[in-house]
Amino acid sequence: MKLELNEKGEKVVCGLYLRVSTEDQVRDGFGLPEQKERLEFYCKCNDYEIIDYYTDAGISAKTGNHRPEFERMLEDGKNGKINMIIAYKMDRLTRSMKDWEALMDYSKKYNVDLAFVNEKIDTANANGRMVSRIMMSVFQNEIERTSERTKDGLAGAIKEGHIPHRACLGYKHENKKLVIDHTTKDIIVRIFDLYHNGYSYQKISNLFNEEQVLGKTNWRDSTIVNILQNEVYKGDFVHGKRTSHPTYYENVVEPIVSKEFWEECQHQKKNNSRAYKRNLTYIFLQKLKCPKCNRILGGKATKKKNGNVYYYYYCSECKCTIKEEIIEEFMNDFIDEIVEYDSVVNQFFLPMMKQKIENPKEQLEKELKEQKEKFERIKQAYINKVFTLEECNKEIKIIQQNIEDLEIKLSETEICDELRFTPEDILIKRDIDFINKVKYPNKYKEVNKCWKDFTREEKADFVMRYVDEITLKKLHKLYLVEFVKFRETIYKPMNELYDNGYLDVNTPVLFGNAVGTLRVSTFLPNDKVCEHIMRLKQFYDVGYMEVAYNVQNQVFYFNFLEDNKAIIRIFPLEDYRHLDPNFEMKEYNFGVLYVKGENEIYKVDEENAFKYIPDKANAVVFSKEPTPIAVKPANEKVLNELYEYDEEISYA
């Protein structure tokens, strides 16, 4: 029997809703034409009048998706244009329980019935609503499971380096993976270096436009900002960055800059913001927090009549103030060791190794081959009149420059193939520097700066790069430094080198009535010690002796003052930290490296002593000779700290 009126006695005027998502389009018999045909047949059988068709193609029914035709249909229902909505299945309207409840409220409020060709559901009664909710929960579960499978598959692909985005500058897609593009990688490195050295976004973009980098004159500061903030350049990837629940993936692509350097540039960004621009340089700005309210301390300065400027850090809320000189005094005991390490590693070795690390030979050769093939294709395209002469010359100029740059990098890489940056190199460089300090004090001061020799700007830059936070404490009415937290970029490698015997710590020592320091290392295997001594002997006539240390009395037995010896370093001959953790042995044996102040055989000139380190390849086996030990006690109260089983150096 055909129905012409609905239960309210009104004529049924309906809107037909048709929708397919991208997943549905591949299903046989479920496309838009099939849906339309079945809906029209359903209306014909029930004598319903079709007022309009509402079609959303290629749009999912997930919550939040904008469906313009669906919205238009609801609006027509509100305005009384239709009083029934007909769809093929419930999941054509929605797959969300929340949205389904909203639809039932809409149906009741505006007297718009819901009908489905493939499902017999009546939302006008309680049983019908219960059945509809059960079915809707099934639909929602299906879409959630599909979403989970998709996310799992995407996560697995991302972890394999398949980044679902267009390759950013410095990278390219190769076999669906994101890999470094060596023709543009150096542009990214340069942007980070320029920014780290104080260039603003605008200044970098202006410079690139002036130089026409990549043949472009439309570099913008926003482009530079996006590059500096992109986690891909440190090897990570953030999926769904603009959503409320982004997913962070670490170490999924080969980085162009190190994570530490990337983080430093983010810190630099804070320092560059207008809110912190001042005429005076504050060394520890943004590193101090109020011990009461945890606010970042501001900086202020007073200038006396004599012209001296005194710097302070203060909290305007809690009225606490600390002098800058107090912070520097706290750091004086260890800051030069960190400055020295920074000088050795970051200023001596890293530039020497940079080309080898950043430009793997195989990748450069592959990239060079691709550029040469591209050059031939461009020439062939011009012959075939695909390009004009002007376009051809422009493309060829860019490719020729890429080829030239790659050939230079390849040449530098081949030169660097024999270079090796090892912990032994750090050890030898630090000892050579120490001897140079004794032998060539004036030249050493020219080449190596101490903390006290830094300008305020250099000190501020050093603190910005290596210090995370400085914790303060209150003692009576004064605020003092409690702890300096260095960044992992500096303390982690230093601790590893120290634990393995390749880094020394300056340790206070009493020599009779005199106070001095010794450069003390942890245990280093005998073969490494012998190799180290022979490398040193290529530059200087280094001496070696073995001494005894009385554990109970904390006394060393050796004589070096009468011979005018300068101790280079002292190290245990066995790993007593593990061999005797409870200090039960009576004596420890130590090795001592030294140089004499007079009658020394110089094996290297002053200039080369500061520029180079002895070659490991030329070192021969060192054979120890018996060394007479003169008995002269020297009280030592601090060296026992060497044997404490600590995880980190105290200042880290």
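**Overview: what the protein chain is built from.** The protein chain has 20 helices and 20 strands, where helices (H or I, at least four residues) and strands (E, at least two) are DSSP runs numbered from the N terminus. This is a predicted model, in which local features need pLDDT of at least 70, side-chain atom pairs count only at pLDDT 80 or more, and totals for chains, interfaces and linings use all residues. Residues are numbered from 1 along each chain as its sequence is written, and side-chain values use heavy atoms, with hydrogens and water left out. Of the 652 residues in the protein chain, 43% are buried (under 20% relative accessible area, with a 1.4 Å probe and protein chains only).

**Close-up 1: helix α2 beside helix α4.** Here α2 (residues 68-78) packs against α4 (residues 97-110) at an angle of about 30°, with the axes 10 Å apart. The axes are lines fitted to C-alpha atoms over the stretch in contact, and angles run from 0 to 180 degrees between N-to-C directions. So α2 counts as roughly parallel to α4 (angles under 35 degrees). Look for Phe70, Met73, Leu74, Gly77 and Lys78 in α2, which meet Leu103, Tyr106 and Tyr110 in α4; contact means heavy atoms within 4.5 Å.

**Close-up 2: helix α14 crossing helix α18.** The axes of α14 (residues 423-439) and α18 (residues 526-536) come within 11 Å and cross at roughly 45°. That's why α14 is called oblique to α18. On the α14 side, the contact includes Leu427, Ile428 and Ile432, and on the α18 side it includes Lys528, His532 and Arg535. Sorted by class, this contact has five nonpolar, one polar and six charged residues (Ala, Val, Leu, Ile, Met, Phe, Trp, Tyr, Cys and Pro are nonpolar, Asp, Glu, Lys and Arg are charged, and the others, Gly among them, are polar).

**Close-up 3: helix α7 and its cover.** In α7 (residues 201-211), the buried residues are Ile204, Ser205, Leu207, Phe208 and Asn209. Their cover includes α6 (185-196) and α8 (221-229).

**Close-up 4: two nonpolar cores.** A nonpolar core is a set of buried Ala, Val, Leu, Ile, Met, Phe, Trp, Tyr and Cys residues joined through side-chain atoms within 4.5 Å. The largest one has 64 residues, and those touching the most other members include Phe284, Tyr313 and Phe486. Helix α11 (residues 335-358) gives this core its largest share, six residues. A second, separate core has 31 residues, among them Ala167, Leu228, Tyr249 and Cys265.

Notes: Angles under 35 degrees count as roughly parallel, over 145 as roughly antiparallel, 65 to 115 as roughly perpendicular and the rest as oblique. Buried means under 20% relative accessible area, exposed over 50%, partly exposed in between (1.4 Å probe, protein chains only).
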